[in-house]
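Me: Could you walk me through the ring contacts in this model? I'd like the cut-offs too, please.

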Amino acid sequence: MGSKRNQTIAIARFLAYKNDLNKRLENMTDEQYMKNPLGLEVGQYVDDLLKYCPESTVDTVLKHQADLILRLGEDYLSIVAFMPYAEGGGIHARKQAQR
């Protein structure tokens, strides 16, 4: 159960981050962006997706992120994104435990 929970949280955190980032970038000029680049933290969110989700799920989330943000809504994403991860629920932790 922790695994599904962590998958949901990782997806929500990524989508909430992307939603916020898109809003901030929308109102920036190229000059403002060059002075203060945004979005450099996206790697950590993708790392969490890869840690807690199967690759096929990550591919689906990345491909349909705009639709998912619209469908799930900001309120839902914000609530789930602030939930703590369950310990030991990552994809890699399960694979190591099975060895």
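Me: Happy to start simple: how many aromatic pairs does the structure hold?
Reply: This is a predicted model, where local features need pLDDT of at least 70, side-chain atom pairs count only at pLDDT 80 or more, and totals for chains, interfaces and linings use all residues. Residues are numbered from 1 along each chain as its sequence is written, and side-chain values use heavy atoms, leaving out hydrogens and water. Rings of Phe, Tyr and Trp (its six-membered ring) pair if their centres lie within 6.5 Å; planes under 30 degrees apart count as stacked, over 60 as edge-to-face and the rest as tilted. The number of aromatic pairs here is two.

Me: Nice! Which residue pairs with Y17?
Reply: The two rings are 4.4 Å centre to centre with 15° between the planes, so the pair is stacked. Y17 is in helix α1 (residues 2–26) and its partner in helix α3 (residues 42–52), 28 residues apart; helices are DSSP runs of H or I, at least four residues, numbered from the N terminus. The partner is Y45.

Me: And is Y17 buried or exposed?
Reply: Buried means under 20% relative accessible area, exposed over 50% and partly exposed in between (1.4 Å probe, protein chains only). Y17 has 9% relative accessibility, so Y17 counts as buried.

Me: What is the angle between the ring planes of Y52 and Y85?
Reply: The ring centres of Y52 and Y85 are 4.3 Å apart. This pair is stacked because the planes are at 25°.

Notes. Helix = DSSP H or I, 4+ residues; strand = E, 2+ residues; numbered from the N terminus.
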